Amino acid sequence: MATEMEKRESSSFYEALDDKLAHYTLLALGCAAAAYYIWHLAFRFSSHLRRLSTFGDQNQRYYVQAHERFSWVKKHVIYAPLFRNRHNRELQLSQAINMGTLPSRFHAFLVVGIVAMNVALCVVTTPYGTEEDTLAGIVRNRTGTMATVNLIPLILMAGRNNPLIAMLHVPFDTWNLLHRWLGRIVVLEALAHTFAWMVPKVQEGSWNVVGEAISGSSFLLSGFVTTCTLTALLVHSPSAIRHAFYETFIHFHFVLAAVSMGFLWVHLNGMVAQTYLLVAIVFWALERATRLLILVYRNVGYNSTTATVEALPGDAMRVTLRLARPWTFRPGQHIYLYVPAIGWWTSHPFSVSWSESEQVFSDEKALPLAQQDLLRTPEKETLSLLIRRRTGMTDKLFQRAVNSIGSRVTLRAFVEGPYGNIHSMDSYGTVMLFAGGVGITHHVPFVRHLVAGFAEGTVATRRLTLVWIIQSPEHLEWIRPWMTRILAMDRRREVLRIMLFVTRPRNTKEIQSPSATVQMFPGRPNIDTLVAMEVENQVGAMGVLVCGNGGLSDDVRRVCRKRQSQTNLDFVEESFTW
Ligand SMILES: Cc1cc2nc3c(=O)[nH]c(=O)nc-3n(C[C@H](O)[C@H](O)[C@H](O)COP(=O)(O)OP(=O)(O)OC[C@H]3O[C@@H](n4cnc5c(N)ncnc54)[C@H](O)[C@@H]3O)c2cc1C
Ligand SMILES: *[C@@H]1O[C@H](CO)[C@@H](O)[C@H](O)[C@H]1NC(C)=O
């Protein structure tokens, strides 16, 4: 039997150890982020050098070659799906039930690392020889501390305004994946924490003892409620539910998370771990405050933000945004759109497809009379979106436009952004853009930017191929005004080639190639052949960007991995989901 004195000493030793392990967790995650930052900085630096060195150099032959070891890593780790080829194509039980997607090998490696670290820290320094009740106490305290400290990265990774997105150039969907896994870890740790308390209690007496203890102490009660709400968070978050009822999910998620934090605060009152919770809460508050500030800054001013929605054939709409305070748009950026008349306070992410300066007249009918008036009229940027109709807010928006005069309606809107723009294609001599359906909206600004850059001599790009897969020719209407502008750009013919694949043409007469640089084909493309053709004539390093459904992305990914050993090829994927 250990003396009272010894017991107290060992418990203070374990308390100090718990605290240390909590710090190690944060340190390990921080080091992983720092290591990634350095790696990415090196990557960006070499891209930048490549871009600079290609000015005036037409063949860029030096950059065509693959780097042997690096291309192996890209093929087998960075671009590799977990198993064979499947990554973003959803695992579906039926049309309606979506079981989520498989992570890539690199992502799986990160997730396994985080899980292993938590298991190790919860298990490693536990003294298994000691008496049962001391052991239970140690496990209980350890898992409780770990669950709390993990809330810090958990909350940080959940935010749109996570500063690490811009710093590490890691997209939101990767953070979202890590957020989900950390969430699972936290819930399991909280459950272990609760059971480590409950099991000895039940052994001691019965379930009545447990019930009485919980109802008799606010410390135990608040802890118990926290574990319950955390478990509820886990239970309502599977991919199927998230994707089928996104809006309901997100509201429920928010409320449950807030309730958990509140009860946890009471539970931890006066303990060291309360500081970890405080940090997590501060992160959350900061993220929310940033969103609010961005919303106010972008949309509240002399003029408020409006959205003109125009219904298009093929279940899509073009949305033109006039912001109170616009920004200089860059390719790859997306925004969150709020349309209170349609979706109250809810927001949806959309890529920005086009930006344009428009002259603003105070009265639309009054034309400027003199040259001076013309000079004085302020110019304002408008931003345009292309939105595919789905079943929720986008469906209501579409209905609203279709039922208006001229299939067009202007509504009050709020825009939160810009977000994204973490990939640059400027340093690639050869660029291939693959788009499926509405995925084209992400590529249009890249095409415009690279063609303009080619004419001005500010980018490395010498060959640019856009491959767009659509179901019917009427979908061409979606981007017609923008494409007309791009096709008229200076020196466009020297650099840009467009290939359109129409998968369900009504008749063959519809399939006509307008010119040698804009070609139209029936059916699906053979990605392998298209990439092979470009590789054969490759100038400089090659960058492949894909935005479309999971099946298309996985196909392009497979082909790009296959080519790794032959040529210097980078693969970038943008998916419209998480
Ligand atoms: C970075 C990014 C850029 C995008 N860009 C475009 C674009 O340019 N054009 C376009 O048509 N679509 C784009 N999307 C997809 C678009 O956000 C969804 O189609 C839209 O939110 C669906 O709204 P809904 O209410 O009609 O959805 P529903 O029909 O209810 O659901 C359809 C799917 O959209 C997802 N979804 C619903 N609401 C949200 C939300 N608030 N946030 C995130 N996902 C949600 C659901 O999980 C579900 O899988 C983009 C998505 C992301 C993540
Ligand atoms: C567990 O933590 C509580 C509260 O901080 C403390 O009173 C107790 O002594 C700790 N037990 C052990 C075994 O470390």
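Begin by selecting ligand 2 in this predicted model; the residues around ligand 2 are Ser-11, Tyr-14, Glu-15, Gly-137, Ile-138 and Asn-141. Helix H1 (4-53) and helix H4 (132-149) are the elements that each give two or more residues to this shell. By class, the shell comprises two nonpolar residues, three polar and one charged. Display the side chain of Asn-141 next: one of its N or O atoms is 2.3 Å from an oxygen atom of ligand 2. On its own, ligand 2 has 370 Å² of accessible area, of which the protein covers 62%.

Proceed to ligand 1, which has 23 residues around it. Those that come nearest are His-348, Arg-388, Thr-391, Met-393 and Thr-394.

- Thr-394: an N or O atom of the side chain is 2.5 Å from an oxygen atom of ligand 1.
- Gly-392: a polar backbone atom is 2.9 Å from an oxygen atom of ligand 1.
- Ser-351: a backbone N or O atom lies 3.0 Å from an oxygen atom of ligand 1.

The protein covers 89% of the 870 Å² of accessible area that ligand 1 has on its own. Strand S4 gives the most, with four residues. The shell as a whole divides into nine nonpolar, 10 polar and four charged residues.

Now select the six strands of the open sheet, which follow the order S11-S10-S9-S8-S12-S13 with parallel pairing. S11 and strand S13 (569-574) stand at the edges, each with a single partner strand, so one side of each has no neighbour in the sheet. Direction ignored, neighbouring strands are turned by 15° against each other on average.

Within this sheet, centre the view on strand S10 (residues 496-502). Six of its seven residues are buried, so S10 is largely enclosed by the rest of the structure. Strand S9 (residues 463-470) pairs with S10 in the parallel sense over seven bridges; here Leu-466 has Ile-498 as its bridge partner in S10. S10 also pairs with strand S11 (residues 518-522), again in the parallel sense, over five bridges.

Strand S12 (residues 542-547) runs parallel to S13 and is joined to S13 by six bridges. Selecting Gly-543 shows Asp-570 of S13 standing opposite.

Note on methods
Residues are numbered from 1 along each chain as its sequence is written. Chains are lettered from A and ligands numbered from 1 in the order in which they are written. This is a predicted model: local features need pLDDT of at least 70, side-chain atom pairs count only at pLDDT 80 or more; totals for chains, interfaces and linings use all residues. Side-chain values use heavy atoms; hydrogens and water are left out. A residue is near a molecule or strand if one of its heavy atoms lies within 4 Å of it. A polar contact is a pair of N or O atoms within 3.5 Å; within protein, one must be able to donate a hydrogen and the other to accept it, and residues adjacent in sequence count only if both atoms are side-chain atoms. Accessible areas come from the Shrake-Rupley method with a 1.4 Å probe; for residues, only the protein chains shown count as cover. Ala, Val, Leu, Ile, Met, Phe, Trp, Tyr, Cys and Pro count as nonpolar, Asp, Glu, Lys and Arg as charged, and the others, Gly among them, as polar. Buried means under 20% relative accessible area, exposed over 50%, partly exposed in between (1.4 Å probe, protein chains only). Two strands pair if DSSP finds at least two bridges between them. Axes are lines fitted to C-alpha atoms, for helices over the stretch in contact, and angles run from 0 to 180 degrees between N-to-C directions.
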